[in-house]
Amino acid sequence: MAQQSTETDWVSRFADEVIAEAERRAPGKVTSGASAPEVVVASGLSPSGPIHLGNLREVMTPHLVADEIRRRGIPCTHILSWDDYDRFRKVPAGIDPSWEEHIGKPLTAVPAPPGSAYPNWAEHFKAAMEEALAELGIEYRGISQTAQYTSGAYREQILHAMRHRKEIDAVLDRYRTKDKATGKPKKQQQKPVDEAELEAAEGSGAASEDDGSAGGAGYFPYKPYCTACNKDFTKVIGYDDATTELTYECVACAHSETVALSEFDHGKLVWKVDWPMRWAYEGVVFEPSGVDHSSPGSSFVVGGQIVREVFGAEQPIGPMYAFVGISGMAKMSSSKGGVPTPGDALKIMEAPLLRWLYARRKPNQSFKIAFDQEIQRLYDEWDKLAAKVADGTAQPADAAAYARAVGTAAGELPRTPRPLPYRTLASVVDITAGHDEQTLRILSELDPEKPVTSLDETRPRLDKAEHWITTQVPADQRTVVRAEPDAELLASLDEQSRGALRLLLDGLDDHWSLDGLTTLVYGVPKIQAGLSPEAKPTPELKVAQRAFFALLYNLLVGRDTGPRLPTLLLAVGADRVRTLLGG
């Protein structure tokens, strides 16, 4: 990619850094051709509940970088670790409280939510995210941590960590805010504990994560799941390095046993050791992390020292990514008691648009995803960018973000063949209540010179707009066309208003298209003021236009506002417009 683009496009810049880092680790091999080792970038997600749009940044950031590396002809693998061997921490809102009996079990050992078709809790929430990632065109190699741990894949790494538990403990102790022996705060803390930060970080592998048990028998970075109750309320009370015999007791059920860790596969390394172990095991070069990992005692900071000092490998490079907010979260998500998921977003917007929101902002820049009226403006901005890209006038960074949104190194994503304005489609399905024949009639009249002949031309954007109208627009804001004329309002009109309606009705036949009706409705007040329909509006003229528009809305839909008038007129139909306007 050209130097100008590299300077302005964050994805290219990170790709440059990742390739340089991979070359530093394996000099002369990364860019040498087909036999080059694959560059590894990574993400991690915990399917402990709905995986939301903020979590998507954890996947989208390395995806975009990996895709750019592949576009340059360099082999690159994006691994996605499903942290499905994490403990079940709490019962989410809306779930039967009896699920509390499963707290402490691996996520893959917890029953799926009521009514789910999936075998366990983790698979239920993974499935929704996997479906969204497929629609977004994100290629990755999924790794189940349950499968890795229970198959013994990490056995040597676990034994290695246990042999070096004193070194691990020493690293962790540099950042502990409480004394191991007394449990009291240390006199000199690296950083005051921010309770709000810790609460926000829960479940993310941040500073609040248990870093292992330290008691009379010493520190241990490994936590067994009890073989009797399958929970992790366990405490290691003895370990023999020579025989690998480990003795633990369970606080939950009082079970205790001694196992050979060289054969035992029913537990895992604590998070602050597990993460750096995986960096070494997979050879990860690039992995982003959330802002909760920026504190001195966070798992990313601590992991960087553990991966070097204990596992003899290097920490990945990668940015901290910022918060992703939601604009206008409505009943679709609030009913779940949580924030929207990528699947929720993909019901109201096309995949390229959602990809673009992440591609156009640097990872350290926060942004919002619109579920309210703002989505219409967002689509307008997207369509304007598409036009600029098509005629070659887009800025390099904007063009790069667009290219990353509409396709990957593997090819282009599916797109709407005839991308009509989202706000127009939303207005039409609002007025027609999704009636296909009426919708097609209206869309075919938008541009008589190039009529829409099938709704398939406008899909999937049409379906996304319809879903937005039906799930995000409150019932009292939906458009309902009057069944009968408002005789009382019509009778009360002054001559000026009656004249404006006559001018509109007289011009309907000659202006029956979206552009024509736009010219007509804006032109009527101009003509009444003795001006040309093409005249630029004055402040006085704008007041007259607003009053005329309010009159039309009241006569057509019984309120002062509504969908864009040209679209509304097309939707209502010429004959019914004449009836409702007293013609």
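**Entry 1**

I began with an open sheet of 3 strands, which I read in the order 7-8-9 with antiparallel pairing. Its edge strands are strand 7 (234-239) and strand 9 (256-260), and each of these pairs on one side only. Neighbouring strands of this sheet are turned against each other by 25° on average, with direction ignored. I note here that the model is a predicted one, and I read every value below as computed from it.

I then went through the pairs in turn. Strand 7 and strand 8 are antiparallel and pair over 5 bridges, and within this pair I found Gly238 opposite Thr247 of strand 8. Strand 8 (residues 245-250) is joined to strand 9 by 5 bridges, again in the antiparallel sense, and there Leu246 stands opposite Val259 of strand 9. As background, strands of a sheet pair through backbone hydrogen bonds, in either a parallel or an antiparallel way.

**Entry 1: the hairpin residue Thr244**

Which residue in the hairpin of strand 7 and strand 8 takes a positive phi? I found that it is Thr244, with phi near 65°, in a hairpin that has 5 residues between the strands. Thr244 is placed in the loop between strand 7 and strand 8, and its phi is positive although the residue is not a glycine. I kept in mind that most residues other than glycine have a negative phi. Is Thr244 buried or exposed? Its relative accessible area is 10%, and since the cut-off for buried is under 20%, Thr244 counts as buried.

I next looked up an open sheet of 3 strands in the order 1-2-3, where the pairing is parallel. Strand 1 (39-45) and strand 3 (141-144) are at the edges with a single partner strand each, so one side of each has no neighbour in the sheet. From one strand to the next the twist averages 25°. Strand 1 pairs with strand 2 (residues 76-82) in the parallel sense over 7 bridges, and I noted that Val41 has His78 in strand 2 as its bridge partner.

**Entry 2: the loops around helix 17**

Ala433, in the loop between helix 16 (422-432) and helix 17, has a positive phi of about 55° although it is not a glycine. Ala433 has 63% relative accessibility, and because exposed means over 50%, it counts as exposed. Most peptide bonds are trans.

For helix 18 (residues 461-472) I checked the length: its 12 residues at 1.5 Å a residue should span 16 Å, and the end C-alpha atoms are 16 Å apart, so the two values agree. Its buried residues include Arg461, Leu462, Lys464, Trp468 and Ile469.

How many cavities of 30 Å³ or more does the structure hold? I found 1, and the largest cavity has about 30 Å³ of space. Its lining consists of Val429, Gly434, Asp436, Thr439, Leu455, Arg459, Leu462, Asp463 and Glu466. By class these are 3 nonpolar, 2 polar and 4 charged residues. Helix 17 (436-446) and helix 18 each supply at least two residues of this lining, and helix 18 gives the most, with 3 residues.

Key:
Residues are numbered from 1 along each chain as its sequence is written. This is a predicted model: local features need pLDDT of at least 70, side-chain atom pairs count only at pLDDT 80 or more; totals for chains, interfaces and linings use all residues. Side-chain values use heavy atoms; hydrogens and water are left out. Two strands pair if DSSP finds at least two bridges between them. Helices (H or I, at least four residues) and strands (E, at least two) are DSSP runs, numbered from the N terminus. Axes are lines fitted to C-alpha atoms, for helices over the stretch in contact, and angles run from 0 to 180 degrees between N-to-C directions. The expected span of a helix is 1.5 Å times one less than its number of residues. Buried means under 20% relative accessible area, exposed over 50%, partly exposed in between (1.4 Å probe, protein chains only). On a 1 Å grid over the protein atoms alone, a cavity is a set of points where a 1.4 Å probe fits but cannot get out, and a pocket is an open set with protein on both sides within 12 Å along at least five of seven lines; lining residues have an atom within 4 Å of a point. Grid points are joined across faces, edges and corners, and a volume is the space filled by probe spheres set on the points. Ala, Val, Leu, Ile, Met, Phe, Trp, Tyr, Cys and Pro count as nonpolar, Asp, Glu, Lys and Arg as charged, and the others, Gly among them, as polar.
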